[in-house]
Structures are given as structure tokens and as C-alpha cells.
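Trainee: Could we go through this model together, one question at a time?

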There are 2 protein chains.
Amino acid sequence: MKEKITSGQNKRVKQWRALTSKKGRKATQSYLLEGWHLVQEALKAQLPLTAIMGTAEQLDAHTASFPANVDVFELTDSIAKTLGDTSTPQGIFATAPMPDDTAVDPATATGTWLFLDQVQDPGNIGTMVRTADAAGLTGVVLGQGSASRFLPKVLRSMQGSQFHIQLVEGDLHEWITAFTQRQLPVYGTNLDPQAKDYRDIDALQAGAIVMGNEGNGMAPDLQQLTTRNLYIPIKGQAESLNVAVAAGIVMFRLVG
Amino acid sequence: MKEKITSGQNKRVKQWRALTSKKGRKATQSYLLEGWHLVQEALKAQLPLTAIMGTAEQLDAHTASFPANVDVFELTDSIAKTLGDTSTPQGIFATAPMPDDTAVDPATATGTWLFLDQVQDPGNIGTMVRTADAAGLTGVVLGQGSASRFLPKVLRSMQGSQFHIQLVEGDLHEWITAFTQRQLPVYGTNLDPQAKDYRDIDALQAGAIVMGNEGNGMAPDLQQLTTRNLYIPIKGQAESLNVAVAAGIVMFRLVG
């Protein structure tokens, strides 16, 4: 089905615009993908898209890639502009159903994971998901207090890696405990007197690495649950590393 | 000297505002530092600041740290807001003289360096300078076509590391050639059939690592000048790594 939408007051358009808010996403249990790269990655991953929307030009350019059973909506340029988050929107979008976070059970999850505790910056979260994918990790768990994985900037900076690995929201107390009870190591990354140089740890076959908030690091109560805390020795005068860079260094040392 | 400025039309205020542009920086051969963290780092590094400006509240809070010979200007809150780049300005600023790029001669430079070829994203550049500092590198050279090190977002994300290590603009053809002629290795980071796994390279005592443009990598003519090209093996389905993450992984493996 292909429908042409010419009014900005169209009910669907209003729903799509509302997907920038948590409330709007909850109402329709879906989120917005923007730009051809993301839409293409979602199609490659056979994500059950609920709609593809774009300008006539964009739909023409990519129509050969659309699955037969997805509703397609042609938008005027001015409507497309109101959907986009970027200053230079590409004019193509899709809606995808919210993933089912209960599909992954901490008690039986295997492989290597990255746990994010209250990471705030959307670019950092997206970059860490992308890096976890590149390093061959199994998945990423966003703990309570981390920025939403549906924010446009998070979606953009993940660059499709959210479709390659598991990405769930969860309670990190539960995840950490579920891993350590099964003797799977969980490595925190706070600076503390007992922390161990990350280079002195064996490669991780199954287990998790925890990265904390940009300013405050991991919450102390989570830190107490970990198997051990790691640190990256700083040689120069910088006070710290960017969290996404630190995560990349540790993941590529222990997993990648 | 402390002077109070109450008019937004004041000549100095106009000059400070103009420091967001290349033309404005060139006219006064100075650039703007924003926020107490950066101003404090500049003071710690004994940078010869040409002025410190702030709201009455901010000046009061930090006056004990100001050197006696720096001109201080008190600004109204509304003037302070017009100077700031951030949406939540701290209300304290300083002007610093443009660094002298000819102070470092490629032909005699020693130690370990990061060369940036046409890196565009201000956050990436700032993060790489911060990471180079943390990994103990000697300096960073911004090649032609890289974003300016004086952009507010670059300055912010460097977090003061620009005062801890050498940071210069230069011609990378000249820098690479000057290093390889002295048998100092220069490692490119483009994917190419002859590239070598970064983990199979000896620790770098003196030499350079080159990171390229986010989309296109290093320029081919620069790549031909390097000693050898390195790559980071990607295990998952991600197409690439964020340039700042990749730089962090390589720097901490070879230098940090």
C-alpha cells in the first residue's frame, strides 16, 4: 500500500512527530528511524518495520528495497522536514516496533556484554553500541538512568549496530547478580584502590564490562556487586578518558 | 586592572564575540576560552592570558586564582550570555594569544605524535587530543582541512589537554616526510590490502600515528608517505569504528 500525505495535520504525521517523546513512543509502541542508512540497516536485519515514509524523490530512489508488506507513505518536502531531527534531513524515515526487553533473560544470557550505568550523552551511548558490535560483543544493556536508546542522536550514532547485536534496557543489579552467580566475571571500571590494570586481565569469553556515568562513574552499589574493578593507567595530565574511548580500549583488549 | 562593562556595544565585547570566527581570531591574534575548567587549566599551564572576563558572581568566586598582571573585565549577565557558545554558559571567559605553530619544527620534533588528516567533527578532534594526552603522547598535529582547534566545541572536548601536550597546525606531507627521513615510523590507519594488525606492531618510542577523515579515511597521497598502514580487525557487523575510539585503541596499544 502506498498513500500520499499532503497535510501536516494528518493524524499519522502527528503520531510520527510524537515519536520524539517517550509518551509518543509508548502510545504506539514504536519508534522512528531517520535517514536511508538506518532504514536500510533495519531492512537488512529484517526488522518488521510498520511504515516507511519519505519524499517522492527518496521513495523513488529506494523503492526496490522495500518489502511488499510494508505500508509506504509519500510525504511533501515540508512535512518531511517536520519529522527530521537533523538540520539536513534526508527525507526518508521508517517506524519500527519497540523491541521486547523481556526476550533476553539475564539468568540465561551468554557471551560477552557491555553494561551501561547512567551514561547520559547520546553520542557516547551510540558510539559504545557501535564499538561493542565491532569488537564482537553479544549485547549491550542500558541500565536505569541511561539516556534512551530511541533518541535520534543515539539512533544515528549507533549506525545500525543496534540491529546487529542485542540491545536491551534492564536493571543492572539484576544483570550483574545473574552473571556473577553463574561465575561469569563482571568487570567494573571505576577508579578505586583495588582496581586492576585492564591489561592484566585474561580475554573475556563470557561475562560483562560495566561503564559508568560520564561525571560520576559507576554507582557505588553496583560497583560492590562486580567481580573486580579495572582501570586504564593514565600517563599524561588528562584527568580522565572519554567514556566511549575508554570502553573501546577495554572491549578491544578483552574481547575484540 | 579591573573594568566594568555594561554596554553590549562596547568595543571589547564586539571583539570577543568576533572570536568565534576565523577572521575575528586573526584580527586580534587571540581566541576565547569559556568556562572555569578551561580558564583554570590555562592558568595552571601558565598560558599568558590577555584578559579574564566574567559576571560579578563568577569573578568573585575565582578571583584568588587570577594572576596580578591580567586585565579583568566584569560583565553584566546579559553581556556574558552573548559571549557563550553553550546553552548554559558559566559566565566566565578568558582570551589567550594564538599559539605559535612555528615553535615546533617537524625536522627536529621528537617523541610520539598523533597526526589528524581532515578530521571534521569538533568532538572527535577534542576527544583525540584529550586521549593523546592521557596516553602520554608528545603532541598532535592538525593537518590542513581539519576543523579548527579554536572552535568552542573542540576547546570544550579537549578539556584542557591542549595545555598539557603540543598542539599545532601543520602540513602533514611535511611532517610525515620529516619523520620518515629520520627513520621514525609513521603509521597510517587506512584499510588497505597491505595493512597490518595494530597488535602486531612494537610499542612506539618515537614516531606518529595518522588518523583520517571520518568518511573517507586518510588522503591517498599521505598514505603513500607512511611507513606502513595499520588496521583494527572488526569482528562484528559494524562497518567501521568511530575515529576517536579507533585512535584511542591504537594509541593505548602502541604508546599508553
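Mentor: Two strands pair if DSSP finds at least two bridges between them, and strands (E, at least two residues) as well as helices (H or I, at least four residues) are DSSP runs numbered from the N terminus. This is a predicted model, in which local features need pLDDT of at least 70, side-chain atom pairs count only at pLDDT 80 or more, and totals for chains, interfaces and linings use all residues. Residues are numbered from 1 along each chain as its sequence is written, chains are lettered from A and ligands numbered from 1 in the order in which they are written, and side-chain values use heavy atoms, with hydrogens and water left out.

Trainee: Which strand runs parallel to E6(B) and is joined to it by five bridges?

Mentor: Strands of a sheet pair through backbone hydrogen bonds, either parallel or antiparallel. Within this pair, B:Leu114 has B:Ile209 as its bridge partner. The strand that holds B:Ile209 and runs parallel to E6(B) over five bridges is E11(B), residues 207-211.

Trainee: Through which helix does the chain cross from E6(B) to E7(B)?

Mentor: E6(B) and E7(B), residues 139-142, run parallel and are joined by four bridges, with B:Leu116 opposite B:Leu142. The β-α-β crossover between E6(B) and E7(B) is right-handed, meaning that, with the strands pointing away from the viewer, the path from the first strand over the helix to the second runs clockwise. The helix on that path is H6(B), residues 122-134.

Trainee: How many of the residues of E6(B) are buried?

Mentor: Buried means under 20% relative accessible area, with exposed over 50% and partly exposed in between (1.4 Å probe, protein chains only). B:Thr112, B:Leu114 and B:Leu116 on one side of E6(B), and B:Trp113 and B:Phe115 on the other, are all buried. Strand E6(B), residues 112-116, is therefore largely enclosed by the rest of the structure, and the number of its residues that are buried is five of the five.

Trainee: Which strands stand at the edges of the open sheet in chain B?

Mentor: The sheet has five strands in the order E1-E4-E3-E5-E2, with mixed pairing. E2(B) pairs with E5(B), residues 92-97, in the antiparallel sense over five bridges, and there B:Leu32 stands opposite B:Thr95. Each edge strand has a single partner, so one side of it is left without a neighbour in the sheet, and these strands are E1(B), residues 2-5, and E2(B), residues 30-34.
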